[in-house]
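Hi there,

Have a look at the picture before you read on.

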Amino acid sequence: MTVNVPLMPQTQTLRHQDSLLIRRGDHTTQLTNRRLADYLQSLVAESAAGHLTLPTDEQEESLTNFLDFLERAGLTTQEDIDTVSSAARSLWALDPEASDLHELQERLRATRVAIVADSPLSQVLRTSLDETQVPVSIDHELSAVEEIFEDPAALPVVIGDHLRDRRLIRANDAAVRTGRRWMPVVESDGVRTLIGPWMVPSSSACLECVWLRRAANSPDPTLVDQLVEAESLETSPRRAVPAGHDHVVAGILSQKIVELIGLDDRASAAAPGRMCVISRGAPGLTVEEQHVLRVPRCPVCSPTRGRGNPQVWAHPAAQGGEKG
Ligand SMILES: [Zn+2]
């Protein structure tokens, strides 16, 4: 008779002379009894399909003690980890004591990521999320933006070509109106791709806040006032995206989505106001998390919009002197 015990993901076993070392993250457990170390080494060598197979012909008490030791050392687990996705296992393994693996997988299956996009990136994102068992819907129509914000079971993700993309602007308006959390994605402008931040109306920056802050950082201060107020004209250029870029974006995006759904507010990657910026240039590709703060009196999301003097974006001296 034998018993099969699942191996804990991301745990490493090493041999050093008479000892066997079990290493999980920075934590290492040492097994100094040479005979036990030899025995465990042979079990590990014969393990298959993520399981240790132990004979049950030993005394029940010593088998239980041995199994307890393996679990405490982080080599095995009693959880049934075969039926969940690799992404769910990875989230659970961050803190196995604090989270329930199957509840976590259920959350991933219960939330639909509702993407509105007119871009091949949406298909790459769907493929990436399919592996995690998170349901995905993709709409191409502009009118779908309002619909996804009305559906309480949907998590809205909207992909646009630039920060003034009408899909994104309509999504921002719908979010402010409904109070729903959502994520914008701005495709590569040749230099930068913006992922997020998760936007939570009334508590984190909205799309307009992001636009105002980025426009205000324009290298040419004489154009800041014009840029912040300008409206984008619709054009339809051919797509030009660096090789493999959609996979990089979809990978980061799906991690942020899965963390938010699985861990909710405990997810570090899911914090509102943190935007991932992928930049291309010297020294190659950089991925950076930037904080985006709300703009005081933002004309879209601030409850005090319209009060007081207009927001000043650049010192008048930098714009060619005082205006008369
Ligand atoms: Zn705002």
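A crossing of two helices is called right-handed if the near helix is turned clockwise from the far one by less than a right angle, and left-handed if anticlockwise. By that convention, H3 passes H10 in a right-handed crossing. Please keep in mind that this is a predicted model.

Let me stay with that helix pair for a moment. H3 covers residues 86–94 and H10 covers residues 245–263. Their axes come within 11 Å and cross at roughly 60 degrees, and H3 and H10 are therefore oblique to each other. On the H3 side the contact is made by Ala87, Ala88 and Leu91, and on the H10 side by Val258, Glu259, Gly262 and Leu263. Ala87, Ala88 and Leu91 are also among the buried residues of H3, together with Arg89 and Trp92. What covers these buried residues of H3? The cover includes H10 and also H4.

H4 (residues 101–110) has its own meeting with H10: the two axes come within 8 Å and cross at roughly 120 degrees. H4 and H10 are therefore oblique to each other, and H4 passes H10 in a right-handed crossing. Here Leu104, Arg107 and Leu108 of H4 meet Val258, Ile261 and Gly262 of H10.

In soluble globular proteins, nonpolar side chains tend to be buried together. In this model the largest nonpolar core has 63 residues, and H10 supplies the largest share of that core, with eight residues. The residues with the most contacts inside this core are Val113, Ile115, Val157, Cys209 and Ile257. Which residues does Ile257 touch, not counting residues up to four places away in sequence? They are Val113, Leu129, Val134, Leu155 and Val157. There is also a second, separate core of nine residues, and Ala37, Leu70, Ala73 and Leu75 are among them.

As for the overall layout, the domain assignment gives domain 1 as 2–72 and domain 2 as 111–319. Taken over C-alpha atoms, the centres of domain 1 and domain 2 are 47 Å apart.

Most residues other than glycine have a negative phi, and most peptide bonds are trans.

- Gln10 has a positive phi, near 65 degrees. Gln10 sits in the loop between strand S1 (2–6) and strand S2 (11–16), and counts as partly exposed because it has 13 C-beta neighbours inside 10 Å.
- Gln133 also has a positive phi, near 70 degrees. Gln133 is in the loop between helix H5 (121–130) and strand S7 (136–139), and its 16 C-beta neighbours inside 10 Å make it partly exposed too.
- Gly196 and Pro197 are joined by a cis peptide bond, with omega about 5 degrees. Pro197 lies in the loop between strand S10 (192–195) and helix H8 (207–216).

Gly179 belongs to the loop between helix H7 (166–178) and strand S9 (183–186). Beyond its neighbours within four places in sequence, Gly179 is in contact with Pro201 and Ser202. Gly179 and Val200 are 21 residues apart in sequence, with 7.1 Å between their C-alpha atoms.

Note on methods
Residues numbered from 1 in each chain as written. Predicted model: local features only at pLDDT ≥ 70, side-chain atom pairs only at ≥ 80, totals over all residues. Core = buried A, V, L, I, M, F, W, Y, C linked by C-beta atoms within 7 Å. Buried ≥ 20, exposed ≤ 12 C-beta atoms within 10 Å, placed from the backbone. Helix = DSSP H or I, 4+ residues; strand = E, 2+ residues; numbered from the N terminus. Contact = placed C-beta atoms within 7 Å. Domains from an automatic or database assignment. Axes fitted to C-alpha atoms, helices over the stretch in contact; angles between N-to-C directions. Parallel < 35°, antiparallel > 145°, perpendicular 65-115°, else oblique.
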